[in-house]
Amino acid sequence: TTMNQEESVARGCALQAAILSPLYKVRDFQVQDISPNAINVGWMGQAPPADAVKDEEGETSMMEVEGEFKSSTVFPAGSHMNVLKTLTFFRKGPFEIKAEFAPDSVLLPMTPRELGTWSIDVPPQAEAKKIKVKARLTLHGTFAVEGAQMVEEEEYEEVVKEKRELPPDPADAEAKPAEGEAAEAKPAEETDAQASPEGEGGSEKKAEAEKKEPEKKFEWVEVKKTKKRTKRTDLKITATGQPGLGLAKVQKLMDAESAMQAEMREIIDTDEKRNDLESYILTMRTKIEPGEEYGDFISASDREAFSAELTKAEDWLYDTFDATKASYIEKLEELQKVGDAVAWRKKESGMRAEWIQAVTGTVSNYRSVAATPGDKFAHVPAEKLASIVSACDELEKWLKGTREKQDALAKHEKPVLLCAEMEKK
């Protein structure tokens, strides 16, 4: 096409958006990324063994001459990305391969031509072994060696069961000649008597019986057979001279990034605890003022002392900018020891009337049922109904007495009629 880079990106984004959108129907198409530069792989040659077999389909055999540095284009210019190729070598020991851009590649200024060196650690061998190296042109257009294996053909013994014919029994073999001699010794007149048509049929049957072979016998025996199998051993690869940062440097930077993330989380959590403390100070200072939400539920002396504590905590908060998260939590818990008690008294006061009404209604319902059980509760004994009435009277008496004590107390004092106790009753 004649599109430049910006137009290609814009067109690709538009097509991708159309594919993902349920409002548009796009014809099937495929986007293939290619590498504009060819990549060569070089190695020091070593003569392959005479019995080297032809490579399998999809593998690239690296032709070699003893002691000569060879180079081959593994990924030509225009190769599709995310392609894996297998390179086959024959080696007795460790060796290296080098990758670089082809000499005719047009690279950006300051771009190194070398792509790295990979050392394949092959254990010393008496004979050259087949080594398969997996080279990939990644999805990002970079060259990588993903692995190497030593491929060997080894023999092994396997025990299998086979069906084998048994030799004929000697006793049967001796019995057969004896029967033949007895047949020859028969008188001639018996032979003439069997010459009739019926006798001829009998002679044929006798001949067929003599020709019939004895039944064969078989047995299962275990036999050792030598077979071949392919053994694949993964080899260690050490990469050096690759563009970019080394693995150790990358790991060091990743550790530093993780430490910064942990530090940032700690800073965020500390700021949240600081805001919680500041919000609690400002909110409680307003709520405990006379006429406000908590004003009636804290005494004047406690209000004055609590306000002083809030002011002291506020001064500490604004004067200490480098406090830890634990310090903010500790300060908030100290203030909540007083503030939570005030909030609890307010909550009890707001729920008390509803619970008194619920208890009164429950007593009235049970007393009514006990007085007039009707057909539904006619099976309940009179003693049980009397105990229900007695329990209702006792609960009503407890509620009346405790309510009178609660009414005599000020709102800022600890209540004696608790909602939780009424629920239990």
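## Cores, strands and salt bridges

The largest nonpolar core here has 24 residues, and those with the most contacts inside it are Phe89, Phe95, Ile97, Ile120, Ile131, Val133 and Phe143. Several strands build this core: strand 2 (39-44), strand 4 (69-75), strand 6 (83-91), strand 7 (95-101), strand 8 (114-121), strand 9 (129-137) and strand 10 (143-165) each supply at least two of its residues. Apart from it lies another core, of 17 residues, including Leu277, Tyr294, Phe306 and Leu317. Keep in mind as you look around that this is a predicted model.

Which residues does Ile131 touch, once its neighbours within four places in sequence are set aside? Ile131 is in contact with Leu87, Thr88, Phe89, Arg91, Phe95, Ile120, Val122, Gln149, Met150 and Leu235.

Now follow strand 7, whose side chains alternate. Phe95, Ile97, Ala99 and Phe101 point to one face and are buried.

Ile19, Leu20, Phe29 and Val31 make a nonpolar surface patch of about 420 Å². You can find Phe29 in the loop between helix 1 (5-20) and strand 1 (34-35). Is Phe29 buried or partly exposed? Its relative accessibility is 38%, so Phe29 counts as partly exposed.

Next come the charged side chains. How many salt bridges does a search of the whole structure find? The search finds 11. Here are three of them, with the distance between nitrogen and oxygen.

| Salt bridge | N to O distance |
|---|---|
| Glu152 and Lys129 | 3.6 Å |
| Lys227 and Glu158 | 2.8 Å |
| Lys225 and Glu162 | 2.9 Å |

Take the Glu152 and Lys129 salt bridge. Glu152 lies in strand 10 and Lys129 in strand 9, so the pair ties together parts that are 23 residues apart in sequence. Glu152 has a relative accessible area of 17%, so it is buried, whereas Lys129, at 22% relative accessibility, counts as partly exposed.

The Lys227 and Glu158 salt bridge links distant parts of the chain: Lys227 is in strand 11 (residues 218-234) and Glu158 in strand 10, 69 residues apart. Lys227 is partly exposed, with a relative accessible area of 34%, and Glu158 counts as partly exposed at 29%.

Lys225 counts as partly exposed at 36% relative accessibility, and Glu162 counts as partly exposed at 30%.

Finally, salt bridges can also form a network, as in Glu266, Asp269 and Lys325, which are linked in this way.

Terms used
Residues are numbered from 1 along each chain as its sequence is written. This is a predicted model: local features need pLDDT of at least 70, side-chain atom pairs count only at pLDDT 80 or more; totals for chains, interfaces and linings use all residues. Side-chain values use heavy atoms; hydrogens and water are left out. A nonpolar core is a set of buried Ala, Val, Leu, Ile, Met, Phe, Trp, Tyr and Cys residues joined through side-chain atoms within 4.5 Å. Buried means under 20% relative accessible area, exposed over 50%, partly exposed in between (1.4 Å probe, protein chains only). Helices (H or I, at least four residues) and strands (E, at least two) are DSSP runs, numbered from the N terminus. Contact means heavy atoms within 4.5 Å. Patches are made of residues with over 30% relative accessible area and no salt bridge: like charges are joined within 9 Å, nonpolar side chains (Val, Leu, Ile, Met, Phe, Trp, Tyr) within 5 Å. Accessible areas come from the Shrake-Rupley method with a 1.4 Å probe; for residues, only the protein chains shown count as cover. A salt bridge is a side-chain nitrogen of Lys or Arg within 4 Å of a carboxyl oxygen of Asp or Glu.
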